[in-house]
Amino acid sequence: MEIPLWFALLVVSYLGVKLIRPPAWLIAVLLLGGFLLADSVLAPAINTFVK
């Protein structure tokens with residue numbers, strides 16, 4: 001069974017917000033931080049660390 005990555009992330013994030021109830025500012029900081037890090041000079045270093 002193959003499910004798209006976007007759908008899996010959507011389900012996990014929905015359940016995380018519903019069950020854990022983090023503050024909205026924390027969600028915004030994580031999204032913005034991830035977006036900014038993905039396009040920075042640190043992206044290759046993070047990529048090798050994650051893999």
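Colleague: Why is Leu19 called exposed?

Modeller: Leu19 has 70% relative accessibility. Exposed means over 50% relative accessible area, buried under 20%, and partly exposed in between, with a 1.4 Å probe and protein chains only. So Leu19 counts as exposed.

Colleague: What kind of model is this, and how are residues numbered?

Modeller: The model is predicted; local features need pLDDT of at least 70, side-chain atom pairs count only at pLDDT 80 or more, and totals for chains, interfaces and linings use all residues. Residues are numbered from 1 along each chain as its sequence is written, and side-chain values use heavy atoms, without hydrogens and water.

Colleague: Where is Leu19 placed?

Modeller: Leu19 is in helix α1. Helices are DSSP runs of H or I with at least four residues, strands are runs of E with at least two, and both are numbered from the N terminus.

Colleague: Why is Tyr14 called exposed?

Modeller: Tyr14 has 53% relative accessibility, so Tyr14 counts as exposed. Tyr14 also lies in helix α1.

Colleague: Why does Pro4 count as partly exposed?

Modeller: Pro4 has 39% relative accessibility, so partly exposed is the class. Pro4 sits in the segment before α1.

Colleague: What stands out about the phi of Arg21?

Modeller: Arg21 has a positive phi of about 55°, although it is not a glycine. Most residues other than glycine have a negative phi. Arg21 lies in the loop between α1 (5–20) and α2 (24–38). Arg21 is exposed, because its relative accessible area is 63%.

Colleague: What makes a pocket a pocket?

Modeller: On a 1 Å grid over the protein atoms alone, a pocket is an open set of points with protein on both sides within 12 Å along at least five of seven lines. A cavity is a set where a 1.4 Å probe fits but cannot get out. Lining residues have an atom within 4 Å of a point.

Colleague: How much space lies in the largest pocket?

Modeller: About 290 Å³. The volume is the space filled by probe spheres set on the points, which are joined across faces, edges and corners.

Colleague: Which helix gives the most to the lining of the largest pocket?

Modeller: α1 does, with 6 residues. The lining includes Leu9, Val12, Pro22 and Leu26.

Colleague: How does that lining divide into nonpolar, polar and charged?

Modeller: There are 9 nonpolar, 2 polar and no charged residues. Ala, Val, Leu, Ile, Met, Phe, Trp, Tyr, Cys and Pro count as nonpolar, Asp, Glu, Lys and Arg as charged, and the others, Gly among them, as polar.
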